[in-house]
Amino acid sequence: MIRILTLILATFLALPAHSTEIQRVTTKSGITAWLVEEHSIPIVSIEILFRGGASIDPIEKHGATYLMTGLLEEGAGALDAPAYLTATEALAAQFSFDSSLDMVSVSATVLRENLDPSMELLRLAITEPRFDDVAFERVREQVYSILRSNENNPRKIAAARFRALSFGDHVYARTLAGNVETVRALNTQDMHTAHKSAMVKSRAYIGVVGDIDAGELEILLDKLLGDLPDDGPLLPPLTQTKATGGVEVISFPSPQSVAVFGHGGIARDDPDYITAFVMNHILGKGFSSRLNQEVREKRGLTYGVSSFLVPYHRAALYMGSLSSANDKITEAMDIVRAEWARMAESGITATELEAAQKYLTGSYPLRFDSNGAIAAILAGLQSADLPMDYVNTRNVAVNTVTLEDINRVAAYLLQPDNLQVVIVGEPVELED
């Protein structure tokens, strides 16, 4: 069992100033969770991540997992949608269900006094969703609305095209919610199939925080997840970006152009990942970053520009985005390329490193601001295959990064010649 920083929990959860432990709890059926007991607040938060997400949708059922997760609160067991929501509200239980390309997530925060009936409602949603026709058609109409909105959103258009250029025929080239044609072809049986594929015990990562002990949690988890399938479809294969640089313009009537840019990135389990994380903060994360200072503050070419690491489970990208007036987007992208190349060639300064380390270590405790946030962190650490003591060692790792480390990683990770750019708008005088 590992002790979390006392200051984090004492400050942000208003807990007594004592050490709090992360416990690894394994149930009789083999389900594993990480638990932080905190009995001074009568609340229990649970975060469950199921590996796979939308990436396991068959190509002809693209969008099924996204639609399925939108239906999990729309009736379960003997309760139709109105009855289920009424029962949830009566218990003051908070449930949410979401999906990404790599995960389906389940979040729950409930009162200790209502723990048993709340967990029974959650169990029904997780293991016995109804997928009634009425609810299915209503939620599918909501998905259609999202898809139509995305078709008129320059940033969404640019991001979708960038993924297509990056991943070709790999599942990561798809959009999360599918498209109008594939969603129109879905039916309620597809929802049952997607549910059985996406929510399986062997791919669950669970974090629990609150007024519950290990023995209670063992029993709770076996009841909550015990009826799920043991395993699901094969995960997609590993892949690398197919994009090799260049500019693609998608015409879109707007006074501004949106640019999404990037190239291959770095995997989360790479030994250099933390170094790359610190490096990216200096290049394109936040007000003091080089990109923000050069593109926005000095020249006023954009309201915001950023870069970010994207470590998918089966691939990795290093991306960025900005928007600028049509007659300024060329200049803005020229500066981005120049800064990409400057850091690759010359690295960073000791002053930049010190400032980044101070910010990243100082802001880290702010993430631990609620039981639900901590439960999500615990589940996320497991899904990234990080050790239980990461909450204590993360800041040490950030502070251990040296100038030489960053300059070495920048030299190979930043690839200005391979920077793929997708611009949506009506750019003026754009050159490759």
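This is a dialogue about how to read several features of a predicted model.

Reader: What kind of model is this, and how are its residues numbered?

Author: It is a predicted model, in which local features need pLDDT of at least 70 and side-chain atom pairs count only at pLDDT 80 or more, while totals for chains, interfaces and linings use all residues. Residues are numbered from 1 along each chain as its sequence is written, and side-chain values use heavy atoms, with hydrogens and water left out.

Reader: What is the average pLDDT of the protein, and over which residues does pLDDT stay under 50?

Author: pLDDT is the predictor's confidence in each residue, from 0 to 100. The protein has an average of 94, and 94% of the residues score at least 70. Over residues 1-19, however, pLDDT stays under 50. Where pLDDT is low, the predicted coordinates should not be read in detail.

Reader: Is strand β4 largely enclosed or left open, and which strands pair with β4?

Author: Strands are DSSP runs (E, at least two residues) and helices are DSSP runs too (H or I, at least four), numbered from the N terminus; two strands pair if DSSP finds at least two bridges between them. Buried means under 20% relative accessible area, exposed over 50%, and partly exposed in between, with a 1.4 Å probe and protein chains only. Eight of the nine residues of β4 (residues 43-51) are buried, so this strand is largely enclosed by the rest of the structure. Strand β8 (residues 103-111) runs antiparallel to β4 and is joined to it by nine bridges, while β9 (residues 204-210) pairs with β4 in the antiparallel sense over seven bridges. Leu49 stands opposite Ser105 in β8, and its bridge partner in β9 is Tyr205.

Reader: In what order do the strands of the five-strand open sheet stand, and which are at the edges?

Author: The order is β10-β14-β11-β13-β12, and the pairing is mixed. β10 and β12 (305-311) stand at the edges with a single partner strand each, so one side of each is left without a neighbour in the sheet. Within this sheet, nine bridges join β11 to β13 (residues 316-325), the two running antiparallel, and Gln256 stands opposite Ala325 in β13. Ser254 lies in the loop between β10 (246-251) and β11 (256-264), and its side chain reaches the backbone oxygen of Gln256 at 3.1 Å.

Reader: How do helices α3 and α4 cross, and which residues meet there?

Author: Two packed helices are described by the angle between their axes and the distance between the axes. Axes are lines fitted to C-alpha atoms, for helices over the stretch in contact, and angles run from 0 to 180 degrees between N-to-C directions. The axes of α3 (residues 81-90) and α4 (residues 115-127) come within 10 Å and cross at roughly 145 degrees. Counting a contact as heavy atoms within 4.5 Å, Tyr84, Ala87 and Thr88 in α3 meet Leu121, Leu122 and Ala125 in α4.

Reader: Where is Asp222, and which residues does Asp222 touch?

Author: Asp222 is in helix α9 (residues 214-225) and is partly exposed, with a relative accessible area of 23%. Not counting residues up to four places away in sequence, Asp222 touches Thr27, Lys28, Ser29 and Ile31. A polar contact is a pair of N or O atoms within 3.5 Å; within protein, one must be able to donate a hydrogen and the other to accept it, and residues adjacent in sequence count only if both atoms are side-chain atoms. The side chains of Asp222 and Ser29 make such a contact (2.3 Å).
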